[in-house]
Amino acid sequence: MLNLNDTIVAIATPPGAGAIGIIRLSGSDALVIAGKIFSGKDLAMQPTHTLHFGRIKDESKVIDEVVAGIYKGPRSYTGEDVAEISCHGSDYVLQRVLGLCMANGARMAKPGEFTLRAFLNGRLDLTQAEAVADLIASQSDTAHKAAMHNLRGGFSADLKQMREQLLQFSALMELELDFSEEDVEFADRTRFYELIDRLTIAAQQLINSFRLGNVIKNGVSVAIIGSPNAGKSTLLNALLNEERAIVSEIAGTTRDTIEETLNINGILFRLTDTAGIREHSMDLIELQGIERSRDAMNKADVVVYLFDLVENLRSEVLSRLIRSQKEAFEQAGIRYLLVGNKADIADLDEARSVFSDLGDNIIYLSAKNKENIHQLRDALYSLVAEGEINIEGTIITNARHYGALQKVLDSLHEIKAGMDNNISGDLIALDIRTCLFALGEITGEVTTEDKLDYIFSKFCIGK
Ligand SMILES: Nc1nc2c(ncn2[C@@H]2O[C@H](COP(=O)(O)OP(=O)(O)OP(=O)(O)O)[C@@H](O)[C@H]2O)c(=O)[nH]1
Ligand SMILES: [Mg+2]
């Protein structure tokens, strides 16, 4: 059950030692409970949005010297009275203060419960609350921008506008139904058609942005695949600009997959260096490594298929392998880049003519000399984002929003089909209501307790 009557408490800072650790209290007794364990001024009597130095005491024992922040509802994060006690960042101290708050009547907060309360008290809508979690999780400039846009209500504003336009129209439609005997039309059909078209375009644009949004939020996994000694580990090091993976002339050097992140123009790529795949290994450990390579390839969003130009120009069989590999990627619908390595010691003119049938699909570089690495970086970026990413508008980054927008779009199609077929006003009104419902689900105007539980359980404690 959602209960707003009690006062909740949590440690709001991450575990481990730090300069400062914060205990956060929210609820009708937040200031009273903080006041009971705080010796200094009477906190409940202080004006809102003020800070106060004092000591936290357990009976006569001083636990810490702290600063208490007072925020009185409704002008607080949760909309309730909030106290934030900044202690020294010791797990021991924080646990003691947390224990004292609970002994004085506060209840341990569930994950995301502060933000849930902010939502229930109307301080944020659901998309903004979700943006709080996204902001905390953001690891790149673009992810941060998208989360900030939504936190400031950018997405909510889009939806609100759609909802209001549709509401106005459905009100006229319902009015018509009330006067159905008189056969009047309050709702101008041409304008309604225009409205539905506009909303359809808007919904479709938001839906389309999800592909990019998903990339921005979750990053892109890239598996570097190829024969032993192709230079995969050297390439990983070149991309990262550090000696991360062991490189040697011995085929089969990399035994286990290595994962590292790389930021290209604000998008996070998770690179996996894998064990070289060869068909006839007898080495048990190598075979396990190869198994993991295949696994990494199947899970990756993009595969970088690396091959040794010198070896492949020397052997007809090998160079045929590249073409069959390319076909296999295409048949399986895997996004891939073909990369010819060791360009520093290969005859590039010969390579260009031998592989001319592969066209622009192929990138020539030298991992060892870090030559032409930028072309691979650009190609990786272009695979997931066309041109400069424009984050000024709304980009959907959340699968829940994506699902609800699909419902919005479906119902808009239904409305349009209904009007084309001249179906009765009450049936159209029903479709409009379905559409409004799906829009309301996104912002949380219509929701259920289970759904809220699910959404907020993914937050961290103390937020
Ligand atoms: N000349 C030249 N040699 C390279 C280049 N890239 C890698 N090598 C050499 O090729 C050998 C194998 O490199 P690695 O990066 O270990 O190859 P790998 O694909 O990770 O090999 P496994 O882990 O065994 O599958 C090393 O001796 C590298 O120095 C390159 O661009 N040019
Ligand atoms: Mg390697």
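In this predicted model, helix 7 passes helix 14 in a left-handed crossing. On the side of helix 7, the contact involves Tyr193, Ile196, Leu199, Thr200, Ala203, Gln204, Leu206, Ile207 and Phe210. These meet Tyr402, Leu405, Gln406, Val408, Leu409, Leu412, Ile415, Lys416 and Met419 in helix 14. By class, the residues of the contact of helix 7 with helix 14 divide into 14 nonpolar, three polar and one charged. The spacing of such contact residues may be read with a general rule in mind. An α-helix has 3.6 residues a turn, so residues three or four places apart point the same way.

The table lists the packing of each pair.

| Helix pair | Angle | Distance between axes |
|---|---|---|
| Helix 6 and helix 15 | about 155° | 10 Å |
| Helix 3 and helix 4 | about 160° | 9 Å |

Helix 6 (residues 154-178) and helix 15 (residues 425-443) pack at an angle of about 155°, which means that helix 6 is roughly antiparallel to helix 15. Their crossing is left-handed. Helix 6 contributes to the contact through Ser156, Leu159, Met162, Arg163, Leu166, Leu167, Ser170, Met173, Glu174, Glu176 and Leu177. From helix 15, the residues taking part include Gly425, Asp426, Ile428, Ala429 and Ile432. The residues of the contact of helix 6 with helix 15 comprise 13 nonpolar, four polar and four charged.

Helix 3 (residues 113-120) and helix 4 (residues 126-137) form the remaining pair in the table. These two helices are likewise described as roughly antiparallel to each other, and their crossing is right-handed. Thr115, Ala118 and Phe119 of helix 3 make the contact with Leu126, Ala129 and Val132 of helix 4. The residues of this contact of helix 3 with helix 4 are five nonpolar, one polar and no charged.

Which residues of helix 3 are buried? They are Glu113, Phe114, Thr115, Leu116, Arg117, Ala118 and Phe119. Because seven of the eight residues of helix 3 are buried, helix 3 is largely enclosed by the rest of the structure. The elements covering these buried residues include strand 1, strand 2 (18-26), helix 4 and helix 16 (449-457). Helix 3 is followed by Gly122, which has a positive phi, near 75°.

Positive phi values also occur in residues other than glycine. His49 has a phi near 55°, and this residue is not a glycine. His49 lies in the loop between strand 3 (38-39) and strand 4 (50-58). Because Glu59 has 5 C-beta neighbours inside 10 Å, Glu59 counts as exposed.

The loop between strand 5 (61-71) and strand 6 (82-89) contains Pro74. The peptide bond from Gly73 to Pro74 is cis, with omega near 0°.

Asn5 is found in the segment before strand 1 (8-11). Asn5 has 7 other C-beta atoms within 10 Å and is therefore exposed. The C-alpha atoms of Asn5 and His88 are separated by 30 Å, and these residues are 83 residues apart along the chain.

The model also contains ligand 1, around which there are 24 residues. Which of these residues come nearest to ligand 1? They are Gly231, Ser233, Thr254, Gly276 and Lys368. Helix 8 (residues 232-240) supplies the largest share of the shell around ligand 1, namely three residues. By class, the shell around ligand 1 has seven nonpolar, twelve polar and five charged residues.

Notes:
Residues are numbered from 1 along each chain as its sequence is written. Chains are lettered from A and ligands numbered from 1 in the order in which they are written. This is a predicted model: local features need pLDDT of at least 70, side-chain atom pairs count only at pLDDT 80 or more; totals for chains, interfaces and linings use all residues. A residue is near a molecule or strand if its C-beta atom, placed from the backbone, lies within 6 Å of it. Helices (H or I, at least four residues) and strands (E, at least two) are DSSP runs, numbered from the N terminus. Ala, Val, Leu, Ile, Met, Phe, Trp, Tyr, Cys and Pro count as nonpolar, Asp, Glu, Lys and Arg as charged, and the others, Gly among them, as polar. Axes are lines fitted to C-alpha atoms, for helices over the stretch in contact, and angles run from 0 to 180 degrees between N-to-C directions. Angles under 35 degrees count as roughly parallel, over 145 as roughly antiparallel, 65 to 115 as roughly perpendicular and the rest as oblique. A crossing is left-handed if the near helix is turned anticlockwise from the far one by less than a right angle, and right-handed if clockwise. Two residues are in contact if their C-beta atoms, placed from the backbone, lie within 7 Å. A residue is buried if 20 or more other C-beta atoms lie within 10 Å of its own, exposed if 12 or fewer, and partly exposed in between; C-beta atoms are placed from the backbone.
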